[in-house]
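Hi everyone, thanks for making time for this. I'd like to walk you through a structure that may be new to you, so let's get it up on the screen.

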Amino acid sequence: MAAPEDRRQAGVRLSLLQYLLTVVFTVLAVSFWILQVVQHDKFEEMAANNHQRTLALRAPRGVVFDRDGRVLVENRHSYSISIVREHTKNLDRTVQLMSAVLDLPEPRVREIVERHRREPAYRPIVIVPDATLAQVAAVTARRLDFELPDVVVEEVPTRQYPVDAMAAHLFGYVGEVSDAQVAGGSELKSGDIVGQSGIERVYNDLLMGDDGEKRVVVNSVGREIRTLEELPPTEGKRLELTLDYDVQKAIEDAFTVAGFNGSAVVLDPATGEVLGLSSRPAYDPNAFASGIDRATWATLNTDNERPLQDRAIQGRYPSGSVFKMAVAAAALEENIVDPDYKVFCPGHATFFGRSFKCWKAGGHGWIDMRHAIEQSCNVYFYTVGNMTGIDKIHKWATLLGLGEKSGIDLPGENKGLVPSPEWKRATFNEKWYSGETISVSIGQGAVAVTPVSMAVYMATLANGGTRVTPHLLKRVDDGQGWKDVPAPAPQSKVTMNSDRLQAIRDGLWMVVNGAGTGGRARIAGRDVSGKTGTAQVISNQGRAAARSDRDLRDNGWFVFFAPRDNPQIAGAVLLEHGVHGANAAAVAHHVLETFFAKKDGRPLPPAPTDLKLNIVDPLYRGPARPTGDDPRPDVVANN
Amino acid sequence: MFERRLYFHIDWALVIALLGLCALGVTMIYSATTGSGSRLFMTQIYAIVIGLGALLVTVSLDYRTFTDKSHLIYIGLCLALIYVIFLGDVQMGARRWISLGGFNLQPSEFAKAGVALVLAKFFGEQRGAPGWPTLAIGGALTLIPLALIAKEPDLGTAVTLVPVFLAVAYLAGMHMRILGILALCLVMAAPIAWKFALKDYQKSRISTFLDPTQDAKGAGYQQIQARITVGSGGLTGKGFMQGTQGQLRFLPVAHNDFIFSVLAEEQGFLGVLVALGLYLFVILRTLEAARLSKDRLGSYLVLGVLASFTFQVVYNITMSAGLAPVKGLTLPLMSYGGSSMIATLAAFGLVLNVRMRRFTN
């Protein structure tokens, strides 16, 4: 047995241990109290951050219909694969595994991540914007095996536009909101997809829905366990456009067959409703829908043919003889001449000591206004323009919509130019020479117009003086049914003398149905009225001297309305380097034929396979180009 | 053998506390693992049953029978440990197990009681305060199995043998001065151990502990998650099977090393108090058994058994709260693990044994 001494000492030592351990356990209890009670809120939040994620539910943008309720722009489901660095354990490993699973070059993935490095870590970095189903399956299957809680597959509604870039400029495209747009106020937030051009931009507020969100519980490898709360997204408002799909399709088809760049705008002359609007070359807006890649963007931007430009509202072109109706309107409305006023055309005329040519070398002889329009006689309009004066010409050209913005509901419209003494003084600080009036009278000189303003010009002549505002939006469905959108007020309104205006209309009718140059647009029984214009890109002398490969062939215009009495359609077609306005008339013919067939309920004409254009360039001096069947008669300019 | 009257001297309070902790452990294992369809809690219940069987054995024979044979037990253990090093089963990068047809035995768990037995006998035969030679021999007896276990490698379990030696020597009357010197040696040895003895993962665990944020997604991850788990539990907890950290696996090996964190998360501070109270009760009750022992041998044995148990309990609970470096040390009686459960219950059989036979000769 132990000695009493030992026993006593052992007892003391055991008591010491007893106290020590009691203290240790008290310290432990206090530590837990601090963690669990004092600091509870902090840790509770950290735990919530661990297992709760808020996922954005992207709202689809509003569907866009044509005037007959045909779907033009809709949404499809696509999947994006992203990395959320907030949940990343090892970014290197994630990048490696991801590029292996998705079969992407690793440097590219790394570059994408690098580019977004400065963004907040909770923002997903989209690696594959529009993933294939195979990619989605590969990622979701392996994400859990490899424990990649930071890889997220998101369902994103993506814009789907019609095929073949139809009306691309009109629809525009969408893209991630820029920093400037976010800073510009409104309710846009970083990462939002907004319209960047076309109606997508103009009506962005209507088209954009309200994103929803979903709070989910995830486990440590990012698998969703259950949904805590779901706020469904609200789809954007549905829009019905004034656009007529069949008319638009006819324009696109005809342009495709014609093979020229250019533009066409077709309106309802009574209201200004846009039935069709096209600009060529176009881009595919679908390429932007899920984030355009940099190479495609760079190609679009550096392309010499400038596919991103909406030529319909931004392209400024010399008008050529199409301008002559503005001179006629000014002379008639200001009572300078009456329609029967005749001028003798010997093929040239002298004003202010300088000789001006008519395009027809032998001259037209005695000619009145109707025939001067039909024949596009330069001498007649030199004479009448000189009598009318630049101020009145400018006034009436403006009233008819030339040299002005049309006010169409598309972004970035450019203004054309109708020169005037004020303009010359303001721009060059020079005085106006009367000789310049002579050039302007046949649409030469500084005259520049956009295709949409040409369409408005024809609509105004067709409706008798109301400069309608072209517009695209017809009805909006805000979720409670379709509501009409009131048409915008006309830009200006004058009442033109109907007898005198009829003379112009007669002339235009004769251009198509008589001996004029617009015969290609003729449709039996439809009284198509129009005017061709062939506008030089460069002066004859300059062209003869030019030694460049640039396409220097003339631009071809055809402007029209139909029928002559109570017109239902008006518009303008421009073929860049189309050689002659008659070729533009051939394009317009298919559009008009389609329009009237639809009106009558007849089957629509099939897409043309050959417009039989005459593209032999009479002034071409360079190496031989492929020639057409019969060379055009000797044309100098402007007919 | 088992005399009838001994039955009345069994410390039923201690037995009930032990069973209470076992039940708490099974409940938490159930909560942490059944979500994924696992039936680990059943395995744990089998282990408890076997452990109680082992306890019956260790309580029935007089503890002096065990200490008399302690040298044989000790040699047997060392042989088993050597066997493990060369022929043991490899799991998770370490050779720790002997496979016994469907059941894996971990000899290192039994080494704790074995060392307690051999040290109790050795120090029990000495008279007076142990001097240097005694301490050296006692130390050597501890170091042999310690080194073998560390070699597996299982540094955590190996280290639990140190308190066994220190506690028995302390109770044997080792001068406090010597204790101080030993403590100093340990402190001095730390940098050397850091440089030569520790593996990289062990170093990173320790350096991470000093600053968990330096590697928040790697080694520090578990520690931060442990703290979040405990802290988010609050006063009353998130409820049975309602813990997010454990259920959603933000906390690794929740049923094993971090079972106490799961308890703290789901049962809150109140649950923690209950568990801490039970452990403290077991410890104080065992200390009392040491005090009541009729001989020094019994006191040494009880304290030796208690030392590794207490060390593990305190360390694991501290670690569960993210307040100590993460180390593979389980929580005795609660963590999932058969060998540990059986060895611990068997060891407490010895404690009951000593107390029960305090009046016998």
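Let me begin with a term: a disulfide is a pair of cysteine sulfur atoms within 2.5 Å. Please also keep in mind that what you see is a predicted model.

Take A:C377 as an example. The cysteine sulfur closest to the one in A:C377 belongs to A:C345, and at 3.7 Å it is too far for a bond. A:C377 is also buried, with a relative accessibility of 0%. Over in chain B, B:C22 is buried as well, and its relative accessible area is 2%.

Let's stay with chain B and look at its overall build. You can find 15 helices and 3 strands there. Its radius of gyration is 20 Å, close to the 21 Å that the globule rule gives for 361 residues, so chain B is as compact as a globular protein of that length. The C-alpha trace spans about 55 × 50 × 40 Å along the principal axes of chain B. Of the 361 residues in this chain, 55% count as buried. If we take contacts in chain B between residues at least 6 apart in sequence, 71% of them join residues at least 24 apart.

As for charges, the mean positions of its 28 positive and 17 negative ones are 3 Å apart.

Now to chain A, and to helix 19, residues 434-441. Its buried residues include A:T437, A:I438 and A:V440. Which elements do the buried residues of helix 19 pack against? Among them are helix 14, strand 14 and helix 16 of chain A. Just after helix 19, A:G443 takes a positive phi of about 80 degrees.

Finally, a few backbone details. The peptide bond from A:R280 to A:P281 is cis, with omega near -5 degrees, and A:P281 sits in the loop between strand 12 and helix 11 of chain A. Chain B has a cis peptide bond from B:E152 to B:P153, with omega near 0 degrees; B:P153 is in the loop between helix 6 and helix 7.

A:H577 lies in the loop between strand 23 and helix 23 of chain A, and counts as buried at 18% relative accessibility.

Conventions. Residues numbered from 1 in each chain as written. Chains lettered and ligands numbered in written order. Predicted model: local features only at pLDDT ≥ 70, side-chain atom pairs only at ≥ 80, totals over all residues. Heavy atoms only, no water. Helix = DSSP H or I, 4+ residues; strand = E, 2+ residues; numbered from the N terminus. Rg over C-alpha atoms; globule rule 2.2 N^0.38 Å. Buried < 20%, exposed > 50% of the residue type's maximum accessible area, 1.4 Å probe, protein only. Contact = heavy atoms within 4.5 Å. Lys, Arg positive; Asp, Glu negative; His and termini not counted. Charge placed at Lys NZ, Arg CZ, Asp CG, Glu CD.
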